[in-house]
Amino acid sequence: MNGPEEDVAEEDVELAVRLLAGTPTHEGRDDMTLRQWALAATEFGGRMTPQPVPVRIEERDGGLAAGLLARYRSRPATVELYVDTIDRAERLIDERGWRHWFPHGSVRAAALAHEQAHAWLHHAPVRAEFKRALGHTALRVGRRRLYAHVAGADELAAHAYARAACGLGRNPLLLTEALAATASCESEN
């Protein structure tokens with residue numbers, strides 16, 4: 001019988017598998033492969049130690065309409081934080097009773113950490129290490145392998161990094177999924 005921590009970990013893995021399954025190019029992938037990639041990406045993200053990258057932070061509205069919480073732009077290095085989405089996420093945490101997993105102010109902190117992880121994953125050596133960790137082989141000649149990109153895996157790594165960096169009780173992917181579902185329902189009404 002699983003304890004509460006194991007149940008939470010399994011729920012987070014299932015969220016990650018669903019994200020990958022819903023990503024274009026993975027339509028025909030079997031669940032075992034998606035699960036392996038989800039676990040590898042989450043593990044990689046959870047142990048990442050990004051070097052601080054100086055970025056400009058711009059706060060703006062319009063995230064709810066665009067479906068954005070934050071966005072990283074590399075030129076110039078900027079993180080756009082959508083305060084309307086952050087505010088809605090904080091209210092959603094209270095509505096769902098998730099404050100024990102996501103303390104006050106953690107949405108903003110997690111969004112910044114998430115985007116920092118994306119910036120770090122853009123570095124060629126980190127990207128190569130990530131591809132090796134995922135183990136998706138594009139080409140093999142003898143013992144040599146060329147590892148391929150796995151669409152959506154960088155999102156999983158960034159979410160896992162944000163969870164670890166901010167000390168969250170759950171993967172922020174849970175909040176992202178709930179926020180998207182809530183925004184969809186609210187726009188229909």
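This is a predicted model: local features need pLDDT of at least 70, side-chain atom pairs count only at pLDDT 80 or more; totals for chains, interfaces and linings use all residues.
View 1. Leu139 stands opposite Leu146 in β5, and Arg140 stands opposite Arg145 in β5. The hairpin has 2 residues between its strands, and Gly142 takes a positive phi near 65° there.

**View 2. Helix α7, end to end.** The buried residues of α7 are Ala153, Leu156, Ala157, Ala158, His159, Ala160, Tyr161 and Ala162. Just past the end of α7 sits Gly167, with a positive phi of about 65°. A bit of background for looking along a helix: with 3.6 residues a turn, residues three or four places apart point the same way.

**View 3. Ala157, a fully covered spot on α7.** Ala157 belongs to helix α7. Its relative accessible area is 0%, so Ala157 counts as buried. Which residues does Ala157 touch, once those up to four places away in sequence are set aside? They are Ala41, Gly45, Leu121 and Phe130.

View 4. Ala160 lies in helix α7, and its relative accessibility of 7% is under the 20% cut-off, which is why Ala160 counts as buried. Not counting residues up to four places away in sequence, Ala160 touches Thr42, Gly45, Gly46 and Asn171. Now look across to Phe44: Ala160 and Phe44 are 116 residues apart in sequence, yet 8.0 Å apart in space, C-alpha to C-alpha.

**View 5. Phe130 and the largest nonpolar core.** The largest nonpolar core has 48 residues, and the ones that touch the most other members are Trp98, Phe102, Phe130, Leu134 and Leu175. Helix α5 gives the most to this core, with 8 residues. Zoom in on Phe130: leaving aside neighbours within four places in sequence, Phe130 is in contact with Ala41, Phe44, Leu121, Ala153, Asp154 and Ala157.

View 6. Start with Ser106, which is found in helix α5 (residues 106-121). At 8% relative accessibility, Ser106 counts as buried. Beyond its neighbours within four places in sequence, Ser106 is in contact with Glu90 and Leu168. His114 is found in helix α5 too, and it is buried, with a relative accessible area of 9%. What does His114 contact, leaving aside its neighbours within four places in sequence? The list is Glu155, Ala158, His159 and Ala162.

**View 7. The largest pocket and its lining.** The largest pocket has a volume of about 600 Å³. Of the 32 residues that line this pocket, Leu68, Leu69, Ala70, His159 and Thr176 are the closest to its centre. The elements that give two or more residues to the lining are α3 (63-66), β2 (70-73), α4 (83-96), α5, α7 and α8 (172-188). If you're wondering how such spots get found, rolling a probe the size of a water molecule over the atoms shows where empty space is left.

View 8. Where does Pro76 sit? Pro76 is in the loop between β2 and β3 (78-82), and the peptide bond from Arg75 to Pro76 is cis, with omega near -10°. Thr25 is in the loop between α1 (4-21) and α2 (31-47). Its phi is near 90°, a positive value in a residue other than glycine. Is Thr25 buried or exposed? With a relative accessible area of 52%, Thr25 is exposed, because the cut-off for that label is over 50%.

How values were computed. Residues are numbered from 1 along each chain as its sequence is written. Side-chain values use heavy atoms; hydrogens and water are left out. Helices (H or I, at least four residues) and strands (E, at least two) are DSSP runs, numbered from the N terminus. Buried means under 20% relative accessible area, exposed over 50%, partly exposed in between (1.4 Å probe, protein chains only). Contact means heavy atoms within 4.5 Å. A nonpolar core is a set of buried Ala, Val, Leu, Ile, Met, Phe, Trp, Tyr and Cys residues joined through side-chain atoms within 4.5 Å. Two strands pair if DSSP finds at least two bridges between them. On a 1 Å grid over the protein atoms alone, a cavity is a set of points where a 1.4 Å probe fits but cannot get out, and a pocket is an open set with protein on both sides within 12 Å along at least five of seven lines; lining residues have an atom within 4 Å of a point. Grid points are joined across faces, edges and corners, and a volume is the space filled by probe spheres set on the points.
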